[in-house]
Amino acid sequence: MELAICSRHQFPQLLGDAIIAALQQEGSVCLASGDTPQLAYRYVAAQYQRHPFPLRATLVGLDEWVGFGPQDEGSCQYAMHHDLYQHLSLRPGQLRQFDARRTGDALEEECHRMNQLLAEQPLRLVLVGIGQNGHLGLNEPGVAFSSLAHVSNLSETTVRVAQKYFPQSTTLCQGITLGIANILASEKIIAVANGAHKRDIIQRLLMTPPSETLPATSLKQHHNTQLLLDDAVFHVENIL
Ligand code: PGA
């Protein structure tokens, strides 16, 4: 895992330029929602509106809260649409995401559909945030590193932290997510964290060998992962 640290001001552009490069190439790219990459998406959208660039990649959604869809403020798909997708001229079928409003067996079908898609069109890049409990997507602590797309039971931390995305207090129980094995199958992974509130989890990540109790440590088993942090997470002098 390669570590890259930049200033809070450089973070959106550095990440945004990597996203722009990936969007211009053929292949599947999976982008996570969340506060961490939000300014980078706005930067990408602004660059695209100024000088449209070719969008050759297929976009794949990482995860969603079960019961929520793109129309629901607070959902992952709503945020991605708002910050990025609505500003890009995407072709029909260029964006592939879970339908988390389905129920029961139909949710399992969604997982199956996504696993099939990724088997046919392997991911070239995954951009994923590190959650405060070390989750990746909605792969919660304890998930098997061999997991494929699945429905997960959300941890207390995830439910509490996720309230920030919603306009009012919202009951969340489950998520649907690409699995750790889907993420690790990507050619390249960019894992991101910014802000002082991510300091503790990043320190744990750096100090813990790969363990299913901390999903983000799975990234240490991947040969082409960059962990991009801002200097609020880690002051350079602390790690030298
Ligand atoms: P955040 O979420 O970018 O809003 O901090 C990251 C995550 O929990 O995966």
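A nonpolar core is a set of buried Ala, Val, Leu, Ile, Met, Phe, Trp, Tyr and Cys residues joined through side-chain atoms within 4.5 Å. Buried means under 20% relative accessible area, exposed over 50%, and partly exposed in between (1.4 Å probe, protein chains only). The model is predicted: local features need pLDDT of at least 70, side-chain atom pairs count only at pLDDT 80 or more, and totals for chains, interfaces and linings use all residues. Residues are numbered from 1 along each chain as its sequence is written, and side-chain values use heavy atoms, with hydrogens and water left out.

**Stop 1: the cores**

Select Val60, Ile130, Leu136, Leu178 and Ile202. These have the most contacts inside the largest nonpolar core, which has 36 residues. Now colour helices H4 (105–120), H6 (180–184) and H7 (199–207), then strands E6 (123–129), E9 (188–193) and E10 (225–230). Each gives two or more residues to this core. Helices (H or I, at least four residues) and strands (E, at least two) are DSSP runs, numbered from the N terminus. H4 gives the most, with 5 residues.

Centre on Leu178. Leaving aside neighbours within four places in sequence, its contacts (heavy atoms within 4.5 Å) include Cys30, Val60, Phe98, Met114, Asn139 and Ile183.

Next, select Leu23, Val44, Leu55 and Val192. They are among the residues of a second, separate core of 28 residues.

**Stop 2: the aromatic cluster**

Select Trp65, Phe68, Tyr165 and Phe166, which form one aromatic cluster. Rings of Phe, Tyr and Trp (its six-membered ring) pair if their centres lie within 6.5 Å; planes under 30 degrees apart count as stacked, over 60 as edge-to-face and the rest as tilted. The count comes to 4 aromatic pairs.

Why is the pair of Trp65 and Phe166 tilted? The ring centres are 6.4 Å apart and the planes lie at 50 degrees, so the pair is tilted. Trp65 lies in strand E4 (63–65) and Phe166 in the loop between H5 (156–162) and E8 (174–177), so the pair ties together parts 101 residues apart in sequence. Trp65 is buried at 4% relative accessible area, and Phe166 is buried at 8%.

Phe68 and Phe166 are edge-to-face, 5.4 Å centre to centre with 65 degrees between the planes. Phe68 sits in the loop between E4 and helix H3 (76–83), 98 residues from Phe166. Phe68 is buried too.

**Stop 3: the surface**

Finish on Met207, found in helix H7. Is Met207 buried or exposed? Met207 counts as exposed, at 64% relative accessibility.
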